[in-house]
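Reader: Please take a close look at one part of this model, the packing of its helices, and follow it into the surroundings. Keep to plain description.

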Amino acid sequence: MHPMAPLLRTALNATSHVAPRLAGRMAFAVFARPLGRSRPRESERELLSKARTGRLAVNGKSVVTYSWGDGDRPVLLVHGWSSRGSRLSDFITALRDKGYSPVTFDAPGHGDSEGRATTILEYREIIQQLHARHGDFEAVVAHSFGVLAAFFALRDDVTARRIVGIGGVGEFDFVLDGFCDGLGLRDRVKDELRGRIEGLLFPGEPGIWRRFSANYRPEEVGVPVLLFHDEADDMVPSAQSQVIAAAHGERARLVATRGLGHRRILNDPQVVAEAVDFAVSGRGEAAVVHEGRT
């Protein structure tokens with residue numbers, strides 16, 4: 001939840017009664033920006049110090065990239081909203097130990113990259129540039145909003161053999177719905193915000209609410225998918241991963257966890273081990289299985 005949620009809810013809802021367009025502009029200013037800039041944790045600093053740091057440009061913003069290994073068998077890791085690439089450090093370490101070459105980045109407005117905001121289109125462009133630089137990915141491992149962005153990029157000239165999604169957003173509509181529901185915004189504010197997202201963030205991009213979703217044209221991705229989602233995830237409901245699993249059918253497997261929430265799941269040893277094993281070997285990719293874990 002946004003740290004200023006009560007104040008924002010009161011201000012935006014009150015403004016919408018007399019000036020709905022102004023309320024929409026105010027909501028858009030909050031929607032388009034991450035909640036602060038995540039700093040690397042102490043446990044992540046050593047790993048980052050061993051990375052080869054690079055730069056690429058997206059819409060005039062300098063984006064920081066990180067890579068490890070000898071460049072052979074690259075695996076892309078995609079962070080979520082208000083996060084950074086190093087939050088996937090347990091996966092990076094496990095992949096590196098197996099002789100793979102992890103690649104990640106801080107999206108604009110995140111981590112050590114420039115900018116104050118970003119969009120799914122910029123995520124896609126970053127992934128496309130990393131694909132051009134490193135070649136086809138053995139796998140993509142993504143978290144939260146990064147799952148949505150990864151599927152979007154994989155439908156557009158990016159190649160990976162497998163996808164691992166953790167606590168993933170499946171429908172682009174959920175990004176708007178989750179923001180508005182989290183703040184308790186009136187429908188009038190939501191309608192104004194929707195119009196601004198369509199007109200200002202994605203001008204000339206028709207059908208964004210369906211086309212940007214992970215369940216859109218799954219045959220264009222066509223690779224094995226392993227999903228993890230905690231039953232008590234308080235940020236992205238597990239129904240979002242169920243949407244992805246249903247769309248990708250027999251290529252997908254969904255593992256339900258318990259007690260790990262939206263963030264701690266990234267540091268769970270069993271989740272990391274199973275995800276990395278799948279990413280490098282494709283083990284268990286044949287059937288859809290819903291598993292409970294205590």
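Author: Helix H4 packs against helix H11 (residues 269–281) at an angle of about 50°, with the axes 10 Å apart. This is a predicted model, in which local features need pLDDT of at least 70, side-chain atom pairs count only at pLDDT 80 or more, and totals for chains, interfaces and linings use all residues. Residues are numbered from 1 along each chain as its sequence is written, and side-chain values use heavy atoms, with hydrogens and water left out. Helices (H or I, at least four residues) and strands (E, at least two) are DSSP runs numbered from the N terminus. An axis is a line fitted to C-alpha atoms, for helices over the stretch in contact, and angles run from 0 to 180 degrees between N-to-C directions.

The angle makes H4 oblique to H11; under 35 degrees would count as roughly parallel, over 145 as roughly antiparallel and 65 to 115 as roughly perpendicular, with the rest oblique. On the H4 side the contact (heavy atoms within 4.5 Å) is made by Asp90, Phe91, Ala94 and Leu95, and on the H11 side by Val271, Val272, Ala275, Val276 and Val280. These divide into eight nonpolar, no polar and one charged residues. In this scheme Ala, Val, Leu, Ile, Met, Phe, Trp, Tyr, Cys and Pro are nonpolar, Asp, Glu, Lys and Arg are charged, and the others, Gly among them, are polar.

Helix H8 has two partners to describe. The axes of H7 (residues 172–183) and H8 (residues 187–201) come within 11 Å and cross at roughly 140°. That makes H7 oblique to H8, and their crossing is right-handed. H7 supplies Asp173, Leu176, Asp177, Phe179 and Cys180 to the contact, and H8 supplies Lys190, Leu193, Arg194 and Ile197. Five of the residues in this H7 and H8 contact are nonpolar and four are charged, with no polar ones.

The other partner is helix H2 (residues 20–31), which packs on H8 at an angle of about 65° with the axes 8 Å apart. H2 also passes H8 in a right-handed crossing. From H2, Pro20, Arg21, Ala23, Gly24, Arg25, Ala27, Phe28 and Phe31 take part, and they meet Arg188, Val189, Glu192, Leu193, Arg196, Ile197, Leu200 and Leu201 in H8. By class this contact has ten nonpolar, one polar and five charged residues.

Thr15 lies in helix H1 (residues 5–18). Leaving aside neighbours within four places in sequence, Thr15 is in contact with Pro20, Leu22, Ala23 and Met26. Its relative accessible area is 15%, so Thr15 is buried; buried means under 20%, exposed over 50%, and partly exposed in between, with a 1.4 Å probe and protein chains only.

Phi of Ser144 is near 60°, a positive value in a residue other than glycine. With a relative accessible area of 9%, Ser144 is buried. Residues up to four places away aside, Ser144 touches Gly80, Ile166, Gly167, Gly168, Val169, Val236 and His262. From Ser144 to Leu193 the C-alpha distance is 22 Å, over 49 residues of sequence.

Ser82, in the loop between strand S3 (74–78) and helix H4 (89–97), likewise is not a glycine and has a positive phi, of about 55°. Its relative accessibility is 24%, so Ser82 counts as partly exposed.

Glu44 sits in helix H3 (residues 42–49) and counts as buried at 1% relative accessibility. Beyond residues up to four places away in sequence, Glu44 touches Arg84, Ser86, Arg87 and Ser89. The C-alpha atoms of Glu44 and Arg87 are separated by 7.5 Å, although the two are 43 residues apart along the chain.

Terms used. A crossing is left-handed if the near helix is turned anticlockwise from the far one by less than a right angle, and right-handed if clockwise.
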